[in-house]
Amino acid sequence: LVISTNGILDQFPFGALIVQGADSDRINYKKLKYLGLLNPIKRTHTAKMYLNNNRPFKEDDFSVLSYAFSSDETLKNNMIQGFKELPGSLSELLQLQKMFGLQNVTSRAGIEAKKDQFLSDLDNKFDIIHLALHATSSTQDKLENKIFFRTSTGSYDSLYGYELLSHQVLAKLVVLSACESALGKDVVGEGTYSLSRAFMQAGTEHVVASLWEQVDFSSRLINRSFYLNLKEGSNLDQSLLKAKRDYVAQANKYNSHPAYWAGIVVF
C-alpha cells in the first residue's frame, strides 16, 4: 500500500485503522485487526519521489553509522541538561553491533554523539544511518524541526532539518529513532516539512521515522526485529510490517495499542 497524501493526512496514522473487531474488544487491542498489521505500507512525500526511489534495498554486507543519545557513562551520571537519558538508544546501538558485526558498525554514543562529528561522518558513505536521539518538530514553523546531539559539557546541540540541505546524505536508508521525526508544518502544494523529508531532500533514498513521540522500549524491540528482517532479505516495508507483527504478538492487551507501534512509518 503506497500512500501519497497532502495536508493533515500527512500526519494521519493509516496503520492504526481498525479493519476488523467487535466493540467489546476495544480495550483488548490484541484482538483487533489493524490495516498496518495486514498490509505493508510505504509513504511517499510526492509521487515523483516514489517513482525515482522505488528500488529494492539489498546489500550483502551493510555498513552502518549509529548514534545513541546515551552511553554507560551518561546513564550512570545523568549528564544531560534539559532532556532525559535514553537507555533504549544504547540498547539499539549494541543490537546493531551484534547483528552486523563490530567491523561494519561505526558507533557514537553519549558525549561522543556530537553534531560536528555527525556532519563529518556524512562525508563517508554508509548503507544505513541509525539515529537514536531526541528530536522535536513544529507544525507551525517549517524551520523548527531539529534533532539533538550531545556535547562534551553535558548540554546539547541542535541540528535543524534545513541544515542538512547543505550536505549530502549518501545513505540508502536513514532510521530516525526519534520523536516526531515524520511530523512538521504542512505547506499547501508542497507537503509536510519534516526531518524525514529533509533527509530525503539531502539525498537518502529511504527513511524510517515516527509520527509522534516514541516509546523507548517498544521502539527498541521493533527496530531489532526490523533490522533482522532486513538482513534476511525482506524489503523495507515488509521488514517493518513483520517487525510490528512480532511486537504485537509478544505484547499484552494494553501495550499492543497502536500508540506503541503505528507511528513508525517508512518513506
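**View 1. Phe100 and Tyr227 are both buried in this predicted model.** Buried here means under 20% relative accessible area, with over 50% called exposed and anything in between partly exposed (1.4 Å probe, protein chains only). Phe100 and Tyr227 form an edge-to-face aromatic pair, 6.0 Å from centre to centre and with 90° between the planes. For reading such pairs, rings of Phe, Tyr and Trp (its six-membered ring) pair if their centres lie within 6.5 Å; planes under 30 degrees apart count as stacked, over 60 as edge-to-face and the rest as tilted. Phe100 sits in helix α4 and Tyr227 in helix α7, so the pair links distant parts of the chain, 127 residues apart. Together with Phe62 and Phe226, these two residues make up one aromatic cluster. Helices (H or I, at least four residues) and strands (E, at least two) are DSSP runs, numbered from the N terminus. Residue numbers start from 1 along each chain as its sequence is written. As this is a prediction, local features need pLDDT of at least 70 and side-chain atom pairs count only at pLDDT 80 or more, while totals for chains, interfaces and linings use all residues; side-chain values use heavy atoms, leaving out hydrogens and water.

**View 2. Helices α4 and α7 pack at an angle of about 15°.** Their axes are 9 Å apart; axes are lines fitted to C-alpha atoms, for helices over the stretch in contact, and angles run from 0 to 180 degrees between N-to-C directions. The crossing of α4 and α7 is right-handed, a term used if the near helix is turned clockwise from the far one by less than a right angle, with anticlockwise being left-handed. Look for Pro87, Gly88 and Phe100 among the α4 residues that meet α7, whose own partners include Asp216, Arg220 and Tyr227. This contact of α4 with α7 has six nonpolar, six polar and five charged residues. In these classes, Ala, Val, Leu, Ile, Met, Phe, Trp, Tyr, Cys and Pro count as nonpolar, Asp, Glu, Lys and Arg as charged, and the others, Gly among them, as polar.

**View 3. Met99 is a buried residue of helix α4.** Its relative accessible area is 11%. Leaving aside neighbours within four places in sequence, Met99 is in contact (heavy atoms within 4.5 Å) with Arg224, Tyr227, Leu228 and Lys231.

**View 4. Helices α7 and α8 pack at an angle of about 135°.** Helix α7 covers residues 216-231 and helix α8 residues 236-250, with axes 8 Å apart. The pair α7 and α8 is therefore oblique, and the crossing is right-handed. Among the contact residues are Phe217, Leu221 and Phe226 of α7 and Leu236, Leu240 and Tyr247 of α8. By class, the contact of α7 with α8 has nine nonpolar, five polar and two charged residues.

**View 5. Phe83 and Phe148 form one of the 15 aromatic pairs in the structure.** Their ring centres are 4.7 Å apart and their planes at 50°, so the pair is tilted. Phe83 lies in the loop between α3 (72-77) and α4 (87-100), and Phe148 in strand β9 (residues 146-150), so the pair ties together parts 65 residues apart in sequence. Phe83 and Phe148 are both buried.

Definitions and conventions
Angles under 35 degrees count as roughly parallel, over 145 as roughly antiparallel, 65 to 115 as roughly perpendicular and the rest as oblique.
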